[in-house]
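Please read the following report alongside the sequence and the 3D view.

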Amino acid sequence: MVPFRHSLIFLATLGLLTACDNSSNPGNQEQLSAPTSAVEAAPEEAAPVATDTETAETMAAPDQDEMETTDSGSSFSMTEIAQFESPWAMTFLPDGRLLVTEMAGNLRLHDLGAGETESIEGVPDVVHAGQGGLGDVLLHPQFASNQQIYISYVEAGDGGSGAAVARARLVLDENGGGSLEDLEVIWRQTPKMSGDGHFGHRLAFDDEGMLWISSSERQEFDPAQDMTGNLGKMVRLNDDGSVPEGNPFTDQSEVAAQVWSLGHRNILGMVFDAEGRLWAHEMGPKGGDELNLIEKGANYGYPIVSNGEHYDGRPIPDHDTRPEFEAPVISWTPVISPAGFIIYDGELFPEWQGSGFIGGLSSQSLVRVEFDGESAREAERFDLQQRVREVEQGPDGAIWLLEDGKRGGNGSLLKLTPQ
Ligand SMILES: [Ca+2]
Ligand SMILES: [Ca+2]
């Protein structure tokens, strides 16, 4: 990839939409997926995306008055650092370089100092269609000593496709790239399904070294309640993919033993807070995006309850009609189309320490969430006019975003620093 740097530097104290309806949001969300079900006809995340002709001017701050209304009083500059093709996820290496996944199946290594991007070879063949492709990338907690990394991606198989998670040793070369060695698939979605939506496949490690995988319901609804498969579930595993002690459904079946919680729709971001609580957001159908506190053995109710409705107009009973299902801590209608999630603990934005940051796809925004124990609220929303797919905190405390562009087009790596 041609080195690319700073074609745009623009103010991003941007219009704050806190407490405003984001009424320009169309339905929900994921990009360009063909409907897989007559029931859920609206394509997920079928939001308008920034066109190539949009310029820095159209993305810039609207006016000074709005800038001064920020909840936290913070403002930031947003700088475009590099471009990637349909990027999906990123993570920093200890040396400060950045691993970035591209949906088509490319794992990139970007050197921020040199402004150069090289490739990591050895990624398995991925099914790149609809919402599917190469997904998340994550370092093992002891990466510095074992060089293990984890990737998620969509693979083909009997009955269609499904997400898989592999681990491999990352071997870096002297030319700014590297390769995956000793790659081993440690988990698979089951069953495989036709269609190309709702894979989920976000990854996280907790403080005990457990690997967590969000496994979405493949736009097929009922799998989220079906314990003979692992779709529509939050999965908890040992770092080698085996089932750890302490999972709630170990007495049911081999696949149920992987499951920590169920009744989920499409989870594209999750994060542990400083107290070890797991928070995950979830795309609702037509309305009803959620922030959930993930509890052991809990059922989050989809598709039996949702604060949104089916795309064909059929109602889904709201959460308050069925208290036996775990209700969201935050519910968004209109939707934000959440993707990517960090809880900030850096030094560059001290007023934001402890805040969650969630990317917005159809809402083209960055959403700041404030937590208070087991409750949370949206504190402010930055209108970025870009589909935010991924959020990371950099080693220096800057906030980094991936804007996913549009299929076949460029997306951007963006850096947020105090103004
Ligand atoms: Ca990440
Ligand atoms: Ca409803």
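Strand 7, residues 134-139, is mostly covered, with five of its six residues buried. Buried means that 20 or more other C-beta atoms lie within 10 Å of a residue's own; exposed means 12 or fewer, partly exposed is in between, and C-beta atoms are placed from the backbone. Strands (E, at least two residues) and helices (H or I, at least four) are DSSP runs, numbered from the N terminus.

This is a predicted model: local features need pLDDT of at least 70, side-chain atom pairs count only at pLDDT 80 or more, and totals for chains, interfaces and linings use all residues. Residues are numbered from 1 along each chain as its sequence is written, while chains are lettered from A and ligands numbered from 1 in the order in which they are written.

## The sheet

Strands count as paired if DSSP finds at least two bridges between them. An open sheet of eight strands runs in the order 3-4-5-6-10-9-8-7, with mixed pairing. Its edge strands are strand 3 (87-92) and strand 7, each pairing on one side only. On average, neighbouring strands of this sheet are turned by 35° against each other, direction ignored. The axes behind that angle are lines fitted to C-alpha atoms.

| Strands | Bridges | One bridge pair |
|---|---|---|
| Strand 7 and strand 8 (148-157) | four | Val-137 and Ile-151 |
| Strand 8 and strand 9 (160-172) | 10 | Gln-148 and Arg-169 |

## The core

A nonpolar core is a set of buried Ala, Val, Leu, Ile, Met, Phe, Trp, Tyr and Cys residues joined through C-beta atoms within 7 Å. The largest one has 84 residues. Leu-134, Ile-151, Trp-212, Ile-213 and Leu-401 have the most contacts inside it. Strand 9 gives this core its largest share, six residues.

Contact means C-beta atoms, placed from the backbone, within 7 Å. Beyond four places in sequence, Ile-213 touches Val-165, Trp-187, His-201, Leu-203, Val-235 and Leu-237.

## His-264

His-264 sits in the loop between strand 14 (259-262) and strand 15 (266-272). Why does His-264 count as buried? Because it has 27 C-beta neighbours inside 10 Å. Its contacts beyond four places in sequence include Ser-216, Glu-217, Tyr-300 and Tyr-302. The C-alpha atoms of His-264 and Gly-284 are 9.4 Å apart, and the two residues are 20 apart along the chain.

## Whole protein

The protein has three helices and 25 strands. Of its 419 residues, 47% count as buried.

Technical notes. Axes fitted to C-alpha atoms, helices over the stretch in contact; angles between N-to-C directions. Contact = placed C-beta atoms within 7 Å.
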